[in-house]
Amino acid sequence: MNYHWNWAIFWEISPDGVHTYLQTLLMGTGWTLLTAVCAFTIALTFGSLIGVIRTTPFSFAVRIGDAYVELFRNIPLLVQMFLWYFVLPEVVPRTFEIWLKQLPNASFYTAVVALGLYMSARIAEQVRAGVLSLPRGQRQAGLALGLTLPQTYLYVLLPMAYRIIMPPLTSELLNTIKNSAVALTIGLMELTARARAMQEFSFQVFEAFTAATVIYIAINIAVTFAMRLVERRIAVPGYLGTKARPAGH
Amino acid sequence: MFSNFDFDVIIRSLPYLFYQGMTFTLLLTALATLGGIILGTLLALMRLSGFALLTVPAAAYVNLMRSVPFVLMIFWFYFLVPYIGQWVTFSPRPMQVGAFASCLVTFTLFEAAFFCEIMRAGIQSISRGQVAAAQALGMTYPTVMSYVVLPQAFRNMVPVLLTQTIVLFQDTSLVYVISVTDFLGAASKVAQRDGRLVEMYLFAALVYFVISLAASGAVGLLRRHIAIIR
């Protein structure tokens, strides 16, 4: 194999003239994590809302919730990113368009919104499954005690549902971190983009991608470990531990 | 909003989009699914074999593929495949690999990890008594697997495998990052050439949406069909 390995490349100065290649990768890691955390917050908020709506007895609301999930699940994430980044500014009123185009860090905000809404459809599925997994009697008992429907959800159904769906939620958090790499197509300088830039400038392909891979694995292990602790603390006694399952990527 | 919407650019580029782009996307989806299921089944058998020499590498491979972004893996293989080709064919220099072959290898190897987990669940859903009965009849391990366990495991998992195929179909759009002309790549090229980003990206989204929705609807029907027979 006529490839010249050079692991010392990480301590060389990158083309920005200030940071070493290692530092640029770490900065990328920061953007990856920030994007993932912000997107997951949106995903959890909207996903919970839509998931809950889909379990209510109002058929019209259920249908809207279903449509929301189908819409965001059946278009590739990359295409959704393009729609938010390239198409949205062109189809909104003029003043809003100017504001959007002058937004600093536009690719970051776009990535957060696109990834957040994309993941929210998956979280909605999990929340819905969690609520539906509870015995029907719990909802009926709540209502029979005189709680309103929102109160039944807030105090009876959701506290149980969230504890049950913790393992799949962990998988979705990991998926959010991984999927943030797609944002490199709209110019977000996250970890994969930094590795790619490093490869382009230094020609050390395999060193750059090895470093990125190792960082992703480290993030994965750290998040999995932290979530295991949380899962164990809040697991519902008497329920079989539903193991984290890969929901896709 | 639609006042200066140019439908004509879509119609003009339809042959290019579908003949060049969609053919690539669908062919890649079909072949990668086939390869992924075969390789994934082998990986699942390795993981369930009980020999550390087989389980550990298979588990490590699957976990590696599942913990890194697909985009990063596409870059990895894009640069790695020529060297793999060189290694396999003992040629003195890195092999020239076409875009399609490179993508096919990438998708097969990556999706195999996900198909492995599906097949593993499928194999584990077969009751132990069936294996015991087959062994009592004097069947060897390959016979037990190919005549008793795998046909049933495969059948139980068909809806999940097909759902994963829809995910794979959507994932093929990611070959955009190595500038390959799949359906999205074709749409993007027309969009940039004619300055018609809005029309082309909306149209691409619509096509992906319709195909994925129809496919998942079909999988839902199939799931119900299978459920009745069982």
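A patch, as the word is used here, is made of residues with over 30% relative accessible area and no salt bridge, nonpolar side chains being joined within 5 Å. In this predicted model, Leu27(B), Leu31(B), Leu34(B), Ile38(B) and Leu42(B) form such a nonpolar patch on the surface, and together they have about 470 Å² of accessible area. One of these residues, Ile38(B), lies in helix 1 of chain B, the element that covers residues 7–47. Ile38(B) has a relative accessible area of 53%, and because exposed means over 50%, Ile38(B) counts as exposed.

**The two chains**

Chain B contains 8 helices and 0 strands, so that from the N terminus on its elements read α-α-α-α-α-α-α-α. Chain A has 10 helices and 0 strands, and its pattern along the sequence is α-α-α-α-α-α-α-α-α-α. The overall extents and surfaces are set out below.

| Chain and property | Value |
|---|---|
| Chain A, span of the C-alpha trace along its principal axes | about 70 × 50 × 30 Å |
| Chain B, span of the C-alpha trace along its principal axes | about 75 × 55 × 25 Å |
| Chain A, accessible surface | about 12200 Å², 68% from carbon and sulfur atoms |
| Chain B, accessible surface | about 11300 Å², 69% from carbon and sulfur atoms |

Of the 249 residues in chain A, 51% are buried, while in chain B 48% of the 230 residues count as buried. As for contacts between residues at least 6 apart in sequence, 74% of those in chain A join residues 24 or more positions apart, and in chain B 78% join residues at least 24 apart.

**Confidence in chain A**

The mean pLDDT of chain A is 90, with 95% of its residues reaching 70 or more. Over residues 242–247 of chain A, however, the pLDDT is below 50, although this stretch has 11 contacts in the model beyond near neighbours in sequence. Where pLDDT is low, the predicted coordinates should not be read in detail.

**Cysteines**

How many disulfides does the structure hold over all chains? The number is 0. Cys116(B), with a relative accessible area of 0%, is buried, because buried means under 20%.

Methods. Residues numbered from 1 in each chain as written. Chains lettered and ligands numbered in written order. Predicted model: local features only at pLDDT ≥ 70, side-chain atom pairs only at ≥ 80, totals over all residues. Heavy atoms only, no water. Patch = residues over 30% accessible without salt bridge, like charges linked within 9 Å, V, L, I, M, F, W, Y side chains within 5 Å. Areas by Shrake-Rupley, 256 points an atom, 1.4 Å probe, with all protein chains shown as cover. Salt bridge = Lys/Arg side-chain N within 4 Å of Asp/Glu carboxyl O. Helix = DSSP H or I, 4+ residues; strand = E, 2+ residues; numbered from the N terminus. Buried < 20%, exposed > 50% of the residue type's maximum accessible area, 1.4 Å probe, protein only. pLDDT = per-residue confidence, 0-100. Contact = heavy atoms within 4.5 Å. Disulfide = S-S within 2.5 Å.
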